Amino acid sequence: MALGRGFWQWLTGRTGTPPEARPRPAVLQRAPSPETPPEAAPGEPVPTLTQEALAARFHRYVLDLPPAAQTAPSEAEQATLRRLETITARFDARSLPRLPSILPQLLRMLRSDDSAGSQLATLIGRDPVLVGEVLRIAGSAHYRTAQPIHSLRHAVVLLGQEGLRRVATQHVMRPILQASAGMHAHLAGQRLWDHADRCAHASAWLGRQVGCEPFEAYLAGMTCNAGTGAVVRLLDQEAPPSLAPYSDAFLAACMQLGAAVSLRAAEYWELPATVTGALDERCRASQQPPASPLGLALCAADLLAMGQVLSERGLIDPDTEIEAPWPEVFGPAVILRCRQDLARQFHGQGIKP
């Protein structure tokens, strides 16, 4: 079931304006964890990672692969990649999981200022999974109140329209990323969800700094991996076991195909043009810097989310500095605050192994 373009337009509200700047690379400052560790002793080197090295570690984490000595693709990998490119070019977005039937009606109600909390609670009550999500989010530290959440209606009123739109979006995207099959894909689905969850948060945070509509930025981050699971499943089917653990370049190319399929999924769902435009810019970021504010926010958030996930799993030092683009748009102080916000937001939630 696809959602119409007009539906997503009222849901998000406005579009962004592309900037003209093409900034140069810089380095993201390290982000302390909620329990800030002591500063490194003078002269002690701070760990650093290039964007490529960070992405390579993240891709191997997603697929549960060990490090590989080979960085350039082998001839066999190149042949496999050509097969994957041919298959993904024919990918049918209708093969993705269907959107929950409750979603369009719920978001139509959220559009209206006249919708009462009791009406929303009644509708949400028809979907037990969504009920659990609403109660979980309303009871989280972000919405902590003096009184415990005593009813679904109480949770609905506490979250408000913006919070409910976010919960509903998560309700859609989580099963799409997690409903995978195959040797790698089941585990990868959860890990891609963890990344998308953090990418959405960071994208909304950074988007505010450059005038993006926050929910559009959140939606772009949440859908950034919508098609990647499909490519992971293809990798299971098309890549001979002898290819593993794969070269870094081969994995990067596979994830690039995943980004392209994610864009096609977003277009199929008729997401706002600003969101699909940002996802398109993310696909081309290695060759051409993003031109729109949302594209810049999404690409930076993508890196920050990778770093956050790896840090939570203990796969990189929390103090690691990460090479990042566009300091004229997001200066080191802004990036540092965003990383600190990510660490606070997701501290204690844990990531499933």
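I looked up Tyr61 first: Tyr61 is buried, at a relative accessible area of 6%. Here buried means under 20% relative accessible area, exposed means over 50%, and partly exposed is in between, with a 1.4 Å probe and protein chains only. The model is a predicted one, where local features need pLDDT of at least 70 and side-chain atom pairs count only at pLDDT 80 or more, while totals for chains, interfaces and linings use all residues. Residues are numbered from 1 along each chain as its sequence is written, and side-chain values use heavy atoms, with hydrogens and water left out.

Phe58 is also on my list; Phe58 is buried, with a relative accessible area of 5%. I find Phe58 and Tyr61 in helix H2 (residues 51-63), three residues apart, about one turn of the helix. Helices (H or I, at least four residues) and strands (E, at least two) are DSSP runs, numbered from the N terminus. An α-helix has 3.6 residues a turn, so residues three or four places apart point the same way.

**Aromatic pairs**

I counted ring pairs with this rule: rings of Phe, Tyr and Trp (its six-membered ring) pair if their centres lie within 6.5 Å, and planes under 30 degrees apart count as stacked, over 60 as edge-to-face and the rest as tilted. The count by this rule is two aromatic pairs. Phe58 and Tyr61 have ring centres 6.4 Å apart and planes at 45°, so this pair is tilted. Phe58, to repeat, is buried at 5%. The rings of Tyr246 and Phe250 have centres 5.2 Å apart and planes at 40°, so that pair is tilted. Tyr246 and Phe250 are both buried.

Tyr246 lies in the loop between H10 and H11, and its relative accessible area is 5%. Its phi is positive, about 75°, although Tyr246 is not a glycine. Pro245 sits in the loop between helix H10 (228-238) and H11. The peptide bond from Ala244 to Pro245 is cis, with omega near 10°.

Asp64 also has a positive phi, about 60°, and is not a glycine. I place Asp64 in the loop between H2 and helix H3 (75-89). Asp64 counts as exposed, at 51% relative accessibility.

**Helix H5**

I listed the buried residues of helix H5 (residues 117-124): Gly117, Leu120, Ala121, Leu123 and Ile124. Seen down the axis of H5, these buried residues fall within an arc of 165°, so they line one face of the helix. The arc is taken from the directions from the helix axis to the C-beta atoms.

**Largest pocket**

I used a 1 Å grid over the protein atoms alone, on which a pocket is an open set of points where a 1.4 Å probe fits, with protein on both sides within 12 Å along at least five of seven lines; lining residues have an atom within 4 Å of a point. The largest pocket holds about 950 Å³ of space. Of the 32 residues that line the largest pocket, Gln51, Ala55, Gln256, Ser286 and Asp302 are the closest to its centre. Grid points are joined across faces, edges and corners, and a volume is the space filled by probe spheres set on the points.

H2, helix H8 (185-209), helix H11 (248-268), helix H12 (273-283) and helix H13 (293-312) each supply at least two residues of this lining. H11 gives the most, with eight residues. I sorted the lining into 18 nonpolar, ten polar and four charged residues. Ala, Val, Leu, Ile, Met, Phe, Trp, Tyr, Cys and Pro count as nonpolar, Asp, Glu, Lys and Arg as charged, and the others, Gly among them, as polar.

I looked up Gly258, which is in helix H11 and is buried, at 0%. The C-alpha atoms of Gly258 and Thr88 are separated by 8.6 Å, although these residues are 170 residues apart along the chain.

Asp194 is in helix H8 and is buried, at 5%. Its C-alpha is 7.1 Å from that of Val309, 115 residues apart along the chain.

Arg284 is in the loop between H12 and H13 and counts as partly exposed, at 31% relative accessibility.

**Strands E2 and E3**

I noted that strand E2 (residues 48-49) and E3 run parallel and are joined by two bridges. Two strands pair if DSSP finds at least two bridges between them. Thr48 has Glu321 in E3 as its bridge partner. Strand E3 (residues 321-324) has Ile322 and Ala324 on its covered face and Glu321 and Glu323 on its uncovered one. In a regular strand the side chains alternate between the two faces of the sheet.
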